[in-house]
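Me: I'd like to go through this structure with you. Can we take it piece by piece?

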Amino acid sequence: MTETTKQIHLAAHFPGVNNTTVWSDPASGSHIEFDSFTRFARDAERGKFDFLFLAEGLRLREQNGEIYDLDVVGRPDTFTILTALAAVTERIGLTGTINSTFNEPFDVARQFASLDHLSAGRAAWNVVTSWDAFTGENFRRGGYLAEEDRYDRARAFLAAVTELWDSWSDDDVVADQASGTFLGSADAGTYAVHDRFFDIEGRFTVPRTPQGRPVIFQAGDSDQGRDFAAAKADAIFSRHAAGDDARAFYRDVKKRLPGFGRQPDELLILPAATFIIGDTEDDAAELSREVRLAQVSPATAVRFIEQLWNTSLPDFDPDGAFPSFDPVPGDSTVSKGRASVRMFGRSALELAEQWRAAAAADGLSAREAVANSFGRHAFVGTAESVATQIDHEVQTDAADGYILVPHVTPGGLAPFVDHVVPILQERGVFRTEYEGTTLRDHLGLRRPAERRDTAAS
């Protein structure tokens, strides 16, 4: 247990390309109508959440020539949504995933700097890489990068974007009252980046932003990803949400920061998690089981099992037993856009044996075992119980807070805001009002020093 009571950070994720939204629920709404995003964002802001998060789906997943039955078609561009939401919200941060493999630094720097200005300091960028040729087919360069090259490019990409953001100082912008325009100093916005990946120079067109520069998020879980976050990120997303596994991840990442000249409080660890709230513990447990099965439909269960077994199973019954043979070794042969080793994070045989053991021990079908194993950590129980679980995990350093992913959008966040947030507020571990105006204020992060200050020191 930590010596002092930590304040919990909460954020809300509007699911995108995913298998978590329960489309069969009558309350499930559109993923393209702006009203869905407005309603979701306003619920999060009403709950005093730190930020709203949108992921990026660059291509729908396919398997055996078919689109996943639970994927999302027609969702608008992330920047378009966040910019529009800036106009209908006041305090909540606006975070978007934008790929560093298939984009260019100048475009990304300008887009996020513009969003930070338009939102009065609420923008954040989740820096990710893309590894598969399937996604690459949508872009001029095509193909994909090897893992070591992806992180090298990501580091170079972030450094280039930061160079552009830092090319302006606060004193560079002077208002010209006569013309109503803003004038920069002689060298304002000048930059030059020449490295293995980029050969660019010129003048950046967007002045220094209200936050100094937008907040940086990162989601890698590999050793390289953890180092990348410890060196450059303000917050890291994590799949390690609770228990000893999460506490080990938390300790590992935090202890890396001094090696990059940073303090542990300069990086927040925010796992994604879902929640199920019931009138009683039994009600919540039963609802959780129903939601898990709805999130892993029979067709989706077959897709996951085919990926793990690395073979097509056209006649497989997901409500029966797992295949009697072991997974086929080698590169993925059935899935476009995913591969079992990356999707499941461990050896295929190890996970197959785990699924088989769980099915045998609890008398589960293959689909039920997959549903129990796959997906985000869920806080399940009454509102009081869910609040207690979250508070315990944060106070025992499993996380600094959570990015909540409801299974129904756009209204699925409201029960948490209405019933769990007030309990956390009563316990004194979550804000009752926003104390600042920028996302850095909400996250307790310092404004970054200007480039000239850093150079002088």
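**Working through the model**

Reply: Tyr 151 is in helix H5, residues 147–165. Helices (H or I, at least four residues) and strands (E, at least two) are DSSP runs, numbered from the N terminus.

Me: Before we go on, what kind of model is this?

Reply: This is a predicted model: local features need pLDDT of at least 70, side-chain atom pairs count only at pLDDT 80 or more, and totals for chains, interfaces and linings use all residues. Residues are numbered from 1 along each chain as its sequence is written, and side-chain values use heavy atoms, with hydrogens and water left out.

Me: Back to Tyr 151. Buried or exposed?

Reply: Tyr 151 counts as buried, at 7% relative accessibility. Buried means under 20% relative accessible area, exposed over 50%, partly exposed in between (1.4 Å probe, protein chains only).

Me: What is Tyr 151 in contact with?

Reply: Leaving aside neighbours within four places in sequence, Tyr 151 contacts Gln 218, Gly 220, Ser 222, Gln 224, Gly 225 and Phe 228. Contact means heavy atoms within 4.5 Å.

Me: Where does UniProt place the "binding site" feature?

Reply: The unreviewed UniProt entry places "binding site" at Thr 97, Tyr 151 and Ser 222. UniProt positions are given in the numbering used here, feature names are shortened, and annotations may be inferred rather than shown by experiment.

Me: And Thr 97, where does that lie?

Reply: Thr 97 is in strand E5, residues 93–99. At 5% relative accessibility, Thr 97 is buried. Not counting residues up to four places away in sequence, Thr 97 touches Phe 53, Leu 54, Ala 55, Glu 56, Thr 78, Asn 126 and Val 128.

Me: New topic. How many aromatic pairs does a search of the whole structure find?

Reply: The search finds 18. Rings of Phe, Tyr and Trp (its six-membered ring) pair if their centres lie within 6.5 Å; planes under 30 degrees apart count as stacked, over 60 as edge-to-face and the rest as tilted. One of the pairs is Phe 49 with Phe 416, which is edge-to-face, at 6.3 Å centre to centre and 85 degrees between the planes.

Me: Why does the pair of Phe 49 and Phe 416 tie parts together?

Reply: Phe 49 sits in the loop between helix H1 (34–46) and strand E2 (51–54), while Phe 416 is in helix H14 (residues 414–426), so the pair ties together parts 367 residues apart in sequence. Phe 49 is buried, at a relative accessible area of 0%. Phe 416 is buried, also with a value of 0%.

Me: What about the rings of Phe 275 and Phe 416?

Reply: Their centres are 5.1 Å apart and the planes are at 55 degrees, so this pair is tilted. Phe 275 is in strand E13 (residues 268–277) and Phe 416 in H14, 141 residues apart, so here too the pair links distant parts of the chain. Both Phe 275 and Phe 416 are buried.

Me: Which residues do ring pairs link into a cluster?

Reply: Phe 79, Phe 112, Trp 125, Phe 157, Trp 165, Phe 197 and Phe 198.

Me: OK, H1. Which residues of H1 are buried?

Reply: Ser 36, Phe 37, Thr 38, Phe 40, Ala 41, Asp 43, Ala 44 and Glu 45. These buried residues pack against E1, E2, helix H2 (78–86) and H14. Just after H1, Lys 48 takes a positive phi of about 65 degrees.

Me: And His 13, where is that found?

Reply: His 13 is in strand E1, residues 9–14. His 13 is buried, with a relative accessible area of 6%. Apart from neighbours within four places in sequence, contacts of His 13 include Phe 40, Phe 53, Arg 376 and Pro 406.

Me: How much of H9 is buried?

Reply: In H9, 10 of the 12 residues are buried, so H9 is largely enclosed by the rest of the structure. H9 covers residues 298–309. Among the buried ones are Arg 303, Glu 306 and Trp 309. Just after H9, Asn 310 has a positive phi of about 55 degrees.

Me: Last, what is the mean pLDDT of the chain?

Reply: The mean is 88, and 87% of the residues reach 70 or more. Over residues 338–343 the pLDDT is below 50, and this stretch has 18 contacts in the model beyond near neighbours in sequence. pLDDT is the predictor's confidence in each residue, from 0 to 100.

Notes: The expected span of a helix is 1.5 Å times one less than its number of residues.
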